[in-house]
Amino acid sequence: MSPVDLLLEPLSYDFMVRALITTTLAAVVCGLLSCWLVLIGWSLMGDAVSHAVLPGVVLAYVLGAPFALGALAFGVLAVALIGAVRDTSRLKEDAAIGIVFTTLFALGLVLISVTPSQTDLNHIIFGNVLGVSTTELLQVTGLAAVAMAVLLAKRRDLVLFAFDPVHAHAIGLSPRRLGALLLGLLALTTVVALQVVGVILVVAMLIIPGATAFLLTDRFGRMLVVAPVVAAAASVTGIYLSYWFDAASGGLVVLVQGAVFAVVYLASPRHGLLGRQLTARRRRRQLSRSAAA
Amino acid sequence: MSAAIAVDDLTVRYGEVVALEEVRLRVEPGRVCGLVGMNGSGKSTLFKALTGMVRPERGTVRVAGLDPARARRRALLGYVPQSEAVDWQFPVSVRDVVTMGRYAGMGPTRRPRAADRAAVDDALDRVELTELAGRQIGQLSGGQRKRAFVARGIAQGARVLLLDEPFAGVDKRSEATIVRLLRGLADDGCTVLVSSHDLHALPRLADEAVLLRRRVLFHGPVGRALEPSHLARAFGLDVLDREAAG
């Protein structure tokens, strides 16, 4: 088979087309959001919220409500509980996060085990992008469009919130409201991404692209281009690999994103490990040369 | 004309800890006031009360004659954070940071209009950072970083400017530039409140000084504030003396 056939043949299956569209949408919206999460230092918060939505999604399934609604409710609940445990006990935030999200995640696992269902609810946990239905695809498209539109429209406010919330407050904006907006978008985005990689691995898509872009550029505007593009390319590659080698699609999507990060971490011209060492060596050599002269 | 900063009977408490007690403070428009005290003296808390970040247990705060919430909505209050409070790796340019001063008056997406761009250009020019406007904020020197944040306050049109430890990590020459800049702003009617535990820049910079140690110990001319007896009280040395004597 020629290389072109290798790329085109999977597209003759409708399920592969749906999988690739879903993956690209999820990668782009996660990639955008990850730029803020990485800069604010909300990786652990992203991990927590994305796991904590599980019981909400299961309950939404049971009640026949949209997944996004359940996810939003439990995302808000998780953030509120984390804040409450942190503020009203002697525990630090990381402990509060660790307790709340694992407990809610466990509740989700128990709910799945007692919910009679024709479809395999474990797909929520591990993702099932190769089995996405047309209805699911439409839902994902709607959610992704809303999340992307809000992120791009409010991007300057969100950057200000991430960079200097005190200044935001001092000029009459509400950092609390901006933070809540970002967390709400996080819950929505989780619903989009869990179709692809499942609840367990969503956090990877919410951190790796932004982190990769941050090592490549000093401009936030460029991060907003680099992160979604890299995420989409890596994720689509992951889906193809999963098709060719008949291996776990969610796992491969994250694995390829991680591999891209590793390359950038080592080889990024300005902020990569090798680049920094080369610059340092060059500087040392210049110093010793000027000292000798 | 009312005071630019008017604080009355202000008491702020964090749980059991009293951070500020019955603080009264008046700073007139166009004055530069140094706020001196050691760490934990309540300087940051006073700033937080002025920006409305903490809720006072008792007392009132007025900025430019307005209650703090209204002063914030009119963007009358500018804030220059201390170095440790800023993420210098953050991927924003100097121009981006100065433009953030204009956000309050912009539309919902904060897209800068011609008037905003002109105000940002003027502010950059005034702090002499026009050539470095495209640099990532962390690629500036200590003094330039401070000036970038002062420019944000200028672009904002702030009438009251708060600076938290502006001379920490700043070399002598930049310090002189910043002093000149702040004096110029005061001449234009802007009120400047500078917190510092570092005293040597004060005489050239400030018209008056406040010594703070949970309460206002002294408020008056800088020269008198720097007298050893006053400073000793502000920095807790009188207690040591008494203990040594006793």
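Among contacts in chain B between residues at least 6 apart in sequence, what percentage join residues at least 24 apart? Here is a friendly run through the model, starting with that point.

1. The answer for chain B is 70%. Please keep in mind that this is a predicted model. For chain A, the corresponding share, again among contacts between residues at least 6 apart in sequence, is 71%.

2. On confidence, chain A has a mean pLDDT of 91, and 99% of its residues reach 70 or more. Among the elements of chain A, helix α9 (residues 155-163) has the highest mean pLDDT, at 97, while helix α14 (residues 273-292) has the lowest, at 79.

3. Turning to secondary structure, chain A holds 14 helices and zero strands. Its radius of gyration is 21 Å, close to the 19 Å that the globule rule gives for 293 residues, so chain A is as compact as a globular protein of that length. The C-alpha trace of chain A spans about 80 × 65 × 35 Å along its principal axes. Of the 293 residues in chain A, 44% count as buried.

4. Chain B has 10 helices and nine strands. A compact globule of 246 residues would have a radius of gyration near 18 Å, and the 18 Å of chain B agrees with that. Taken along the principal axes, the C-alpha atoms of chain B fill a box of roughly 65 × 40 × 35 Å. Of the 246 residues in chain B, 44% count as buried.

5. The largest nonpolar core has 169 residues, and A:Ala52, A:Ala78 and A:Met205 touch the most other members. The element of chain A that gives the most to this core is helix α11 (residues 175-214), with 22 residues.

6. Lastly, the contact between the chains. Chain B contributes 20 residues to this contact and chain A contributes 21 residues. On the side of chain B that touches chain A, α2 (68-73) and β5 (77-80) of chain B each supply at least two residues. By class, that side of chain B has 11 nonpolar, five polar and four charged residues.

Technical notes: Residues are numbered from 1 along each chain as its sequence is written. Chains are lettered from A and ligands numbered from 1 in the order in which they are written. This is a predicted model: local features need pLDDT of at least 70, side-chain atom pairs count only at pLDDT 80 or more; totals for chains, interfaces and linings use all residues. A nonpolar core is a set of buried Ala, Val, Leu, Ile, Met, Phe, Trp, Tyr and Cys residues joined through C-beta atoms within 7 Å. A residue is buried if 20 or more other C-beta atoms lie within 10 Å of its own, exposed if 12 or fewer, and partly exposed in between; C-beta atoms are placed from the backbone. Helices (H or I, at least four residues) and strands (E, at least two) are DSSP runs, numbered from the N terminus. The radius of gyration is taken over C-alpha atoms; the globule rule is 2.2 Å times the number of residues to the power 0.38. Two residues are in contact if their C-beta atoms, placed from the backbone, lie within 7 Å. Ala, Val, Leu, Ile, Met, Phe, Trp, Tyr, Cys and Pro count as nonpolar, Asp, Glu, Lys and Arg as charged, and the others, Gly among them, as polar. pLDDT is the predictor's confidence in each residue, from 0 to 100.
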